[in-house]
Amino acid sequence: MEHLTENCLSLILSFTSPRDTCRASGVSTEFRSASDSDELWNTFLPPDINQILRRSISTLTYTSKKQLYFLLCDSAILLDDGNVSFWIDKRNGKKCLMVAARQLAIVPWWWSWLYDSNSRFSEEVAVLEKGRCLDIRGKMKIGMLSPHTTYETYLVFKIYEDASGLDSANTSIRFVNEREEVPDDEANTVYPDPRTFAHNIEQRNGELSRRRKDEWMEIKTGEFETGTRDDDDEVETRFMSTDTNILKTGLIVQGIEFRPKQPMAVV
């Protein structure tokens with residue numbers, strides 16, 4: 001191995017993963033030098049990273065592509081008008097995004113906008129005051145995501161203590177250019193309010209909400225493959241409860257996340 005050039009070692013490492021590359025840096029001085037090269041870490045970053053950084057509303061300071069990689073893993077940046085949050089998956093450099101509540105399609109007269117210091121979008125969130133029809137839609141262009149990747153979508157939310165009518169909801173996902181709407185009988189049932197499913201979870205079949213490290217909650221709303229679709233193709237995920245007999249209140253929405261599906265844990 002001592003006869004291999006740094007460029008050759010970097011090329012070899014580019015066929016591994018960021019995690020394996022960091023481990024390899026401890027093998028020898030040559031590997032350490034190769035594992036820090038900008039050429040190598042460029043292969044782990046999204047190919048359009050320079051265009052993405054130009055859309056950031058803040059300036060990132062970094063001295064190497066390796067440092068940039070881990071900056072984007074550890075802290076999201078806001079793009080364009082500040083209503084889209086971007087970061088990368090530490091395992092593989094795949095793109096992750098959250099669309100702010102302001103960019104979602106919601107019925108406006110049932111919602112208000114409040115300050116929340118834990119929101120990444122100018123500390124603003126949407127709050128469902130009272131309504132009998134709950135319908136939230138979020139779209140993303142395929143070109144904003146990583147190709148050949150399985151993505152999952154999540155509603156990121158909180159629930160007030162006095163919230164009601166949020167026992168269950170339906171979710172769906174579609175490619176906008178392929179289907180006008182997803183029929184009700186193809187929608188998935190989810191249970192966003194943990195207080196209601198805690199007592200009879202064995203009777204439920206569907207996605208349950210879970211608490212995140214950032215103190216918000218999330219619930220899965222869909223799954224899809226980017227494949228080799230056109231960059232301008234759009235995917236839409238929907239979270240809805242159209243039972244007008246039930247009054248709904250107390251839902252706080254930060255946004256909808258699009259992120260690569262995590263591999264199954266090995267038992």
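How many salt bridges does the count come to in this protein? By the rule that a salt bridge is a side-chain nitrogen of Lys or Arg within 4 Å of a carboxyl oxygen of Asp or Glu, the count comes to 26. The structure is a predicted model, in which local features need pLDDT of at least 70 and side-chain atom pairs count only at pLDDT 80 or more, while totals for chains, interfaces and linings use all residues. Residues are numbered from 1 along each chain as its sequence is written, and side-chain values use heavy atoms, with hydrogens and water left out.

The overall plan comes next. The protein has seven helices and 14 strands; helices (H or I, at least four residues) and strands (E, at least two) are DSSP runs, numbered from the N terminus. Taken along the principal axes, the C-alpha atoms fill a box of roughly 75 × 40 × 35 Å. Of the 267 residues, 48% are buried. Here buried means under 20% relative accessible area, exposed means over 50%, and partly exposed lies in between, for a 1.4 Å probe and protein chains only. A contact means heavy atoms within 4.5 Å. Among contacts between residues at least 6 apart in sequence, 67% join residues at least 24 apart.

Side chains of opposite charge can pair when their charged atoms come close. Glu124 is partly exposed, at a relative accessible area of 26%, and Arg102 is partly exposed at 42%.

A second pair consists of Lys220 and Glu152, with 3.0 Å between the closest N and O atoms. Lys220 belongs to strand S12 (residues 217-225) and Glu152 to strand S7 (residues 150-164), 68 residues apart. Lys220 counts as buried at 15% relative accessibility, and Glu152 counts as buried at 8%.

Glu178 lies in the loop between strand S8 (169-175) and strand S9 (188-191), and Arg229 in the loop between S12 and strand S13 (234-241), 51 residues apart. Arg229 is partly exposed, with a relative accessible area of 25%. Elsewhere, salt bridges that share partners join Asp135, Arg137, Arg174, Glu181, Glu236 and Arg238 into one network.

Which residues of helix H6 are buried? They are Lys65, Leu68, Tyr69, Leu72 and Cys73. Seen down the axis of H6, these residues fall within an arc of 140 degrees, so they line one face of the helix; the arc is that of the directions from the helix axis to the C-beta atoms. An α-helix has 3.6 residues a turn, so residues three or four places apart point the same way. The cover over the buried residues of H6 includes helix H2 (18-24), helix H4 (38-44), helix H5 (49-54), strand S1 (77-79) and S2.

Attention now turns to the pockets. On a 1 Å grid over the protein atoms alone, a pocket is an open set of points where a 1.4 Å probe fits, with protein on both sides within 12 Å along at least five of seven lines, and lining residues have an atom within 4 Å of a point. Grid points are joined across faces, edges and corners, and a volume is the space filled by probe spheres set on the points.

The largest pocket has a volume of about 780 Å³. Of the 26 residues that line the largest pocket, Trp87, Arg212, Glu257, Arg259 and Gln262 are the closest to its centre. Helix H6 (65-74), strand S2 (84-88), S7, strand S11 (210-211) and strand S14 (249-260) each give two or more residues to this lining, and S14 gives the most, with three. By class, the lining has nine nonpolar, two polar and 15 charged residues; Ala, Val, Leu, Ile, Met, Phe, Trp, Tyr, Cys and Pro count as nonpolar, Asp, Glu, Lys and Arg as charged, and the others, Gly among them, as polar.

The second largest pocket has a volume of about 200 Å³. Strand S6 (residues 134-141) gives the most to its lining, with four residues.
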